[in-house]
Amino acid sequence: MSQTAVARRRPRAVEMQTRRRGGLKRRQAIASYCLVAPFFLVFLTMLVLPLFYSGYLSLFREQLVGGTVFAGVGNYVRALQDHVFLGGVLRMAQFLVIQVPIMLSLALVFALALDSGRLRMQRIIRLAIFVPYAVPGVIAALMWGYLYGPNFGPFAQGARAIGLPTPPFLGNEWMLGSIMNIVTWSFVGYNMIILYAALRSIPTELYDAARVDGAGEFRVAWSIKIPAIRPALLLTTIFSVIGTFQLFNEPNLLRILAPNVIGVGYTPNLYAYNLAFINQDINYAAAIAFLLGIVIMIVSYAVQFGVLRRERRS
Amino acid sequence: MHLFKKRPAVGLAATAMVAALALVACSGGASTNATTAAPSKITQAAIDAAMKTKTNLTFWTWVPDIKNEVALFQAKYPAIHVDVVNVGQGAAHYQKLRTAIKAGTGGPDVVQVEFQYLPSFTQGGDLLNMAPYGAAGISGDYASWIWSQVSSGSAVYGIPQDVGPMGNLYRKDLMSAAGIKLPTTWDEFSQAARTYRAANPHKYLTNMPGNDAGQFMGLVWQAGARPFGYDGKKTVTINLNTPEVAKVIDFWNPLVRDNIIGVDPDFTDPWYQGLASGLYASWQGAAWGPVFLQGTAAKTSGLWSVAPLPQWDTQKPASGNWGGSTDAVLKSTKNPIAASQLALWINTQHEPALMFATKQFLFPASNTILKDPAFVDEKSAFYGGQQVNKGFAAISATVTPNFVWLPFMDYAYSSFNETLGKAFADRTNLATGLKAWQAALTTYATQQGFTVK
């Protein structure tokens, strides 16, 4: 064969290969779109469309007498001056500042303890800490409602037996703390699993190097493990922030037991729900829901930027 | 197009937004209030023809065992099939009903509506006027205070099913153990409460919950107050600052402040346990009380007795009403004749109406049943063999007439919990709570476009 023939054959072979690869790429692209399509279909119809409809509703005002009128940003202005809504947001900010650090610290401690390998019965302990997350929220709230009960709950009966006054778990001052307790109990296992999975993926050579340098278990945890799982910590923090502002289940169920402590607007989410179904004020409820979404976005971004800035500095 | 290719996410969002707005523009949102002229009386021939036509009706109600009465109806009219659905009790039921009405579909034909919520549905024109379908002729069988709640002029919007005249349900054994005679006036009741609390430092003579505006309104009703008014169109009256209401508030204020009576929320598990364990020695409840007591307070069966409420004026015995339901027909029904006949039949025919009273312990609204010996002479084991129906029938006759409800009692009851109810629960000054409730109701009424007098 002459060199030109070889040269001619090679480009054709390459060309055929690229055509085969191009066809494969296109088929792969089509396949991936098809596989994701069901999700996007549901996402569009169940999330995006109702979101836009809700936004549309929030621009109107409906009265029992007089029908529907266009209100523009009237509902939003009203919400920003509504002391019930603002009180709810402040209450959730309070909740966030106290409960989230406690819960995540506990989850981190449990995850580190499990990862250290010093515990016996690891699987059972992991399961036991995770089980509260598997308990449906309604059952959990009912159970805690009974435990907190001022007449027949075990804490109340125990306190009465030793002559102490009944702890007012469902009273005005302690209610937020009681709800924090329920939420922590429910979610510490969930966050622990996320952090534990992140810990398991740290390469073990780092530990060997640390041991050689004479580091103990606590030093390893502080200087190696925690910095290594920072992305997972950020993830759990963001989830907790979003979950806190959306708090609905526990206050809604405890409202039955303590209807005068948990008002209609105890949390912003509960306020939106009650506005829609008790006040029949769907438009204002939509505006509250949107404002809540904006508040959550702002706080989440603030947390993320705070962490990123610290990372960049270090 | 360039945008869609380079940034598919943006393109997707834009398409979604356009689609959403298009969909939403088509669906509109305002409810249609078709004002048709009231039809003239439907002829018996038309009714008979409709009852022989194969029809499917949906009936939303939470009355337990109402399937028995409906079965009797279906036996009489085999062509009509009725689906009885329990969509929840109280607030949950009304939420679903209002959502279905707003959506225009998914609602029932016949629905249970309590007396205090009827105006909120007639205000929006959601209920069928059943007068032309045979409801006009039954008015003579009901006390005027009942009939005025379901009718507006010549129109009839609900067939009364049961009522709740209020009486004093009390534990005779606990009271005599504390050395207390049954109080017949409110002054005696106040003294009895203090004596009882002194004798039993961990128990209460009674409980006044902070979450039950219905009970409180019944007591206010007994005192002769008429705080609410509604002209059926755009004007409401909200006047809680009357001497009669003040009389009731001033009575309970010291008892609540000094921790003489309980203030636990009612119809919760701890409250049932309280009644079962003797934490509360009495309940100023309604004639349907046993229905709830028999469940969790079953072990106290036989220890309860019934008496009239303590009186403000023993010369003019009076009572109030708490609760009670009607069966109404939605205007959107496709079978108005069959639906209205169902509502009428199970509540006015002797056999099913008597069954409600004797088997399900609903207190009848109908005078015929109130006088029926099978009902009146019934001895109740829960009340230690007392003929309580006779007692409550006598009380029912003393309920004073002309009590009117606002067309937004959902909101009124909810704002009670935040204001006056909260004052009860926190044991603070009830008068301040009352003022706050008045203010909240007035603000809401104005916001919703009503003229407040």
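Among contacts in chain B between residues at least 6 apart in sequence, 75% join residues at least 24 apart; two residues are in contact if their C-beta atoms, placed from the backbone, lie within 7 Å. The model is predicted: local features need pLDDT of at least 70, side-chain atom pairs count only at pLDDT 80 or more, and totals for chains, interfaces and linings use all residues. Residues are numbered from 1 along each chain as its sequence is written, while chains are lettered from A and ligands numbered from 1 in the order in which they are written.

Chain B has 21 helices and 13 strands, where helices (H or I, at least four residues) and strands (E, at least two) are DSSP runs numbered from the N terminus. With a radius of gyration of 25 Å, close to the 22 Å that the globule rule gives for 453 residues, chain B is as compact as a globular protein of that length. The radius is taken over C-alpha atoms, and the globule rule is 2.2 Å times the number of residues to the power 0.38. The C-alpha trace of chain B spans about 85 × 60 × 40 Å along its principal axes. Of the 453 residues of chain B, 47% count as buried. A residue is buried if 20 or more other C-beta atoms lie within 10 Å of its own, exposed if 12 or fewer, and partly exposed in between, with C-beta atoms placed from the backbone.

Chain A has 13 helices and two strands. Its radius of gyration is 28 Å, well over the 20 Å that the globule rule gives for 314 residues, so chain A is more spread out than a compact globule. Along the principal axes, the C-alpha trace of chain A spans about 105 × 70 × 40 Å. Buried residues make up 30% of the 314 residues of chain A. Of the contacts in chain A with a separation of 6 or more, 68% are between residues 24 or more positions apart.

Within chain B, the domain assignment gives domain 1 (44–164 + 323–376) and domain 2 (165–322 + 388–452); such bounds come from an automatic or database domain assignment. The C-alpha centres of the two domains of chain B lie 28 Å apart. Their contact takes 21 residues from domain 1 of chain B and 28 residues from domain 2 of chain B. On the domain 1 side, α6 (118–122), α7 (144–150), β6 (159–165), β12 (321–329) and α17 (373–376) of chain B each supply at least two residues. By class, that side has 11 nonpolar, nine polar and one charged residues. Here Ala, Val, Leu, Ile, Met, Phe, Trp, Tyr, Cys and Pro count as nonpolar, Asp, Glu, Lys and Arg as charged, and the others, Gly among them, as polar.

Strand β12(B) has nine of its nine residues buried, so it is largely enclosed by the rest of the structure. Strand β3 (residues 110–114) of chain B runs antiparallel to β12(B) and is joined to it by five bridges; two strands pair if DSSP finds at least two bridges between them. Val110(B) has Val329(B) in β12(B) as its bridge partner. Five bridges also join β6(B) to β12(B), again antiparallel. Opposite Pro165(B) stands Asn321(B) of β12(B).

An open sheet of chain B is formed by three strands in the order β10-β7-β11, with antiparallel pairing. At its edges stand β10 (282–283) and β11 (304–308) of chain B, each with a single partner strand, so one side of each is left without a neighbour in the sheet. Two bridges join β7 (residues 167–171) of chain B to β10(B), and Leu169(B) has Trp283(B) in β10(B) as its bridge partner. Helix α18 (residues 388–396) of chain B packs on the sheet, touching β7 and β11 of chain B, and its direction makes about 20° with that of β11(B). Axes are lines fitted to C-alpha atoms, for helices over the stretch in contact, and angles run from 0 to 180 degrees between N-to-C directions.

Between the chains, 34 residues of chain B are in contact with 26 residues of chain A. On the chain B side, α2 (8–27), α5 (91–103), α12 (269–276), α19 (409–418) and α20 (420–426) each supply at least two residues. The most come from α2(B), with six residues. This side of chain B divides into 15 nonpolar, 13 polar and six charged residues. Asp426(B), in helix α20 of chain B, is partly exposed, with 16 other C-beta atoms within 10 Å. Leaving aside neighbours within four places in sequence, Asp426(B) is in contact with Asn172(A) and Asn260(A).
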